[in-house]
Amino acid sequence: MMEIKKFDVAVLGGGPGGYPAAIRAAQRGKSVALIEAKELGGTCLNRGCIPSKALIAGAEVVDRIHEAKEFGIHVGEVNIDYAQLAFHKDRVIERMRKGLEGLMATNKITVFKGFGQFISPREIKIKGQDNTSITADQIIIATGSEPRNISAFPFDYERIHDSTSLLAMKTLPEKLIIVGGGVIGCEFASLYATLGVHVTILELLPRLISSEAIEVSQALTKAFIKRGIQVETGVKVQKIEQVEMGIQVQVEEGKHYVADCCLVAVGRSLNTKNIGLDKAGILVQENGMIAVNDKMQTNVDGIYAVGDIASKWWLAHVASHQGLIAADQICGKSSRMYYHAIPSVIFTHPEIATVGLSLEEATKRGYKAKLASFPFQALGKSQAALQAEGFAQIVVEEKSGQILGAQVVGYEASVMIAEMTLAIANELTVECVAETIHAHPTLPEAWLESALLGEGLPLHLPPKTQKKG
């Protein structure tokens, strides 16, 4: 009879929610098992965040080369070797994955390679490269999500792609249709358009990235159209079929679009099937998510859930933080999850970053709020770097001056959002930001200027009435 190995903690899933939880628990002296059916790092490292950003980094170089003439720097014709760019992407993934494997070893975490399935609330059976069963006193579920497969849009992974298969391509198409104008669709649209591909976005809702503030959505749409991306909103795709020239996408009005290939980016499916949640007695909600409290605890004592399967925030950094909270709880350190200051970044051109509430959301929640917005055109560093597209804005509660949210569209938005995340997490006011000395000339001065506007004391803009909710 096979000996069942026992651990203090078992983590089901080695992505950005699972592996930080495993490390934290091991650091606090627990014996830890980490179970992963595919590669360590999960979707984020292997099929999502990191590979896409490696390609986007190359696209940013292309953009800067095209802009060089504005500085008086003249270069020859730009030739893109996409196979080499894809090789760079794969090399980055491999390097980071090896680093992660090393972290598991140095933290003395036992990694099991296989598909984990609950047999009972304390026992997991593993099938794959490792075939065994383990028990654990505490278990963290971090199985994540995968691109959703819709029967009307059958993936063949050659012409009709999900995000994973598109990232694996070694050549560029001439024309690409993207079904879905959310975060994933817009990031790929921006990437491929920069690399010279003719891109068309088909979005069912009235605007792109509809979950973001209206000003943000409008700015991105304007920038996309300027860059030659065809944006079609309010259209319902009926079917996608292969034709001699590639693929044909038909929409409800009878119109059709033809391209070499298509990316379907209309959501993700939770990896909760066939992992034995019923055997563990774990409560699953109607939306398919595992019910948890603010300590990431499920309804079963000793079982936790983190990441996409346990939160509306499908972001790697949220999963990581949830994983740390679950591990801390297991190790006796009281910790809770708060969602009022979650930064979100969209790596388009221009970049977009948001945190907290938009003006619309603040108004719906009953706040008397106003919007203080500063354009990058009025910022010295932006002008000097020829990166004057975009703006930074702060959502302010009028009476107290508390910062409720912030949005930034433009160069290095992903870096800039950190200041506002810290401000909202610590319930700071615009006065706190206005009284903080910001280095000159820098991009974060946009927050200083927005804060001064929020106080009604603009420095580098003429006085004007603030937009109120």
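Leaving aside its neighbours within four places in sequence, which residues is Ile-184 in contact with?

Modeller: This is a predicted model, in which local features need pLDDT of at least 70 and side-chain atom pairs count only at pLDDT 80 or more, while totals for chains, interfaces and linings use all residues. Residues are numbered from 1 along each chain as its sequence is written, and side-chain values use heavy atoms, with hydrogens and water left out.

With neighbours up to four places away in sequence set aside, Ile-184 is in contact with Ser-163, Ala-265 and Arg-268; contact means heavy atoms within 4.5 Å. Ile-184 belongs to helix 6, which covers residues 183-194. Helices here are DSSP runs of H or I with at least four residues, strands are runs of E with at least two, and both are numbered from the N terminus. With a relative accessibility of 32%, Ile-184 counts as partly exposed. The classes are buried under 20% relative accessible area, exposed over 50%, and partly exposed in between, using a 1.4 Å probe and protein chains only.

Beyond residues up to four places away in sequence, Gly-185 touches Ile-178, Gly-180 and Ala-265.

An unreviewed UniProt entry lists, under "binding site", Gly-180, Gly-181, Gly-182, Val-183, Ile-184, Gly-185, Cys-186, Glu-187, Glu-203 and Gly-267. These residues are spread over 88 residues of sequence, yet they cluster in space, with a largest C-alpha distance of 14.1 Å. From this set, Ile-184 and Gly-267 belong to the lining of the largest cavity. A cavity is a set of points, on a 1 Å grid over the protein atoms alone, where a 1.4 Å probe fits but cannot get out, and lining residues have an atom within 4 Å of a point. The UniProt positions are in the numbering used here, feature names are shortened, and annotations may be inferred rather than shown by experiment.

Some backbone details elsewhere also deserve attention. Ile-209 is not a glycine, yet it has a positive phi of about 30°. Ile-209 lies in the loop between strand 10 (198-203) and helix 7 (214-226), and it is buried, with a relative accessible area of 3%. Lys-108, likewise not a glycine, has a positive phi of about 60°. The loop that holds Lys-108 runs between helix 4 (82-106) and strand 3 (110-113), and Lys-108 is exposed at a relative accessible area of 74%.

Cis peptide bonds should be noted as well. One joins His-349 and Pro-350, with omega about 5°; Pro-350 lies in the loop between strand 18 (344-346) and strand 19 (352-356). Another joins His-440 and Pro-441, with omega about -10°; Pro-441 lies in the loop between helix 13 (430-434) and helix 14 (445-454).

As for the whole, the protein chain has 14 helices and 23 strands. Its radius of gyration is 24 Å, close to the 23 Å that the globule rule gives for 469 residues, so the chain is as compact as a globular protein of that length. This radius is taken over C-alpha atoms, and the rule is 2.2 Å times the number of residues to the power 0.38. Of the 469 residues, 50% count as buried.

Conventions:
On a 1 Å grid over the protein atoms alone, a cavity is a set of points where a 1.4 Å probe fits but cannot get out, and a pocket is an open set with protein on both sides within 12 Å along at least five of seven lines; lining residues have an atom within 4 Å of a point.
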